[in-house]
Amino acid sequence: MKLHFLGANRQVTGSRYLLEAAGKRIMIDCGMFQERKFQSRNYEPPPVDLNTVDYLLLTHAHLDHCGLIPRMVKRGYKNPIITVDPSADLAEIIMLDSAKIQVEDAKYKLKRHLKQGKKSKFGYEPLYTVEDAQEAVKLIEPVAFHEPVQLGDSITATFHESGHILGSAFIEININENGNKQTLVMSGDIGQWNKPLINDPELFNRADYIVMESTYGDRLHKDSGPIEDQLADIINDTVQRGGNIIIPTFAVERAQELVYFVGQLAKADRIPDIGVYLDSPMATRVTKVFHRWCKYLDEEARCTPGGRKGADVLKFDGFKLVSATEDSIALNTLKGPNVIMSSSGMCTGGRIKHHLKNNITRHDSTIVFVGYQAEGTLGRIISNGANEVRIHGQNFPVNAKIAHLHGLSAHGDSEDLLRWLSNCNTPPKQLFLTHGEARGADALSKVIKSELGWNVSVPEYQDVVELG
Ligand SMILES: [Zn+2]
């Protein structure tokens, strides 16, 4: 019985593991490497033969967990991809969107290199195409939460809620290798407790081995007060000034959370009647998945058979989903004030750039940041307080007010991660920390060793450990 660590080791993207047990080879997640210095791994031949993999289990639909699946299919993988119902729908959206980006990026890179006389080490073929992503979608076999899935005669996998995004799971894998019984728990990404729309993470009471993410292993989320209060202040202040509220947002989960919070404020008359737009074809599709799978949502939004249409919390007077390009352009001509949410979340591309161009020079508008802005992104530059920014090759003075909404992280902090382990009544033989920078993983490792006395390690890329 062996576990290979094939990504998200001492870094936060590219989640990928291979379990060899009871004659089966099971991959858990197959995510894209997104940090610049690790991106070459997306192109390099994988460290293990993917065509001998029998099953691929997917914890959730974020790109850093599913983004290399079409690449794997392009290389010949033809076996089942098993994930829970909502993740099946979301992974389809994410993989198809990613395929389009891959094709565009490859074309752009070729054009740029021809101009600069450069040559790419990995050539100019896209990582994968829309057709590869469509082939991957055909292999997806959706399952329900809590129902053990048989993988051959001797292994079962059960998906449990991890509270991170809609459909996110941690996976309990029970192995019986010639009478040697072992339980392995793979965390995927763990969310926060008491979030709207998404269920709290479930707990488990035993495992021989645990692989746990550590994104915020060295941090506690700052308590900046209830989201509704922060948001109401920002909206009311901007409405008084007569401007628009522009919110760059991620299309999955964050966008729906924002719609929920703005909707709550509108329904409680805590903000005036203004137009609220979610301008993103992808966020529109994702919101439809929330409606389709509302039975998996948290209590306040959950639908019941023949009863309440729970996901209606994502509908309210004045709110519109915007998908068509002409409808997006029409937003430019609206008389304010309006709330316009659009992607991408870090302002690196997409429709948000148009809304920024139309509002960033206006003293009466506000740009609201609702999540982490990676270094070098336009979002980071604006959020850091630049006086002037370049958008679509043109310089614009930043006159708009810049605001930050705190507390919307989809990842639990170090206390949440400890809480997720807290129900384990006997120590595992080993806890492996992954999906975190070395600093976060090491800090969390120290805390767990001293508080729980467990064996903890932080594996390196391509480490292989013997289980048993
Ligand atoms: Zn995630």
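Modeller: Domain bounds here come from an automatic or database domain assignment. The model is predicted, with local features needing pLDDT of at least 70 and side-chain atom pairs counting only at pLDDT 80 or more, while totals for chains, interfaces and linings use all residues. Residues are numbered from 1 along each chain as its sequence is written.

Biologist: How far apart do the C-alpha centres of domain 1 and domain 2 lie?

Modeller: The assignment gives domain 1 as 2-219 + 410-466 and domain 2 as 227-404. Their C-alpha centres are 29 Å apart.

Biologist: How many residues of domain 1 are in contact with domain 2?

Modeller: Two residues are in contact if their C-beta atoms, placed from the backbone, lie within 7 Å. By that rule, 14 residues of domain 1 touch 17 residues of domain 2.

Biologist: At what angle do helix α4 and helix α8 pack?

Modeller: Helices are DSSP runs of H or I with at least four residues, strands are E runs of at least two, and both are numbered from the N terminus. Axes are lines fitted to C-alpha atoms, for helices over the stretch in contact, and angles run from 0 to 180 degrees between N-to-C directions. For α4 (residues 85-116) and α8 (residues 281-292) the angle is about 170°, with the axes 10 Å apart. Angles under 35 degrees count as roughly parallel, over 145 as roughly antiparallel, 65 to 115 as roughly perpendicular and the rest as oblique. The two helices, α4 and α8, are therefore roughly antiparallel.

Biologist: Which residues of α4 and α8 meet?

Modeller: From α4, Pro86, Asp89, Leu90, Ile93 and Asp97 meet Met282, Arg285, Val286, Val289 and Arg292 of α8.
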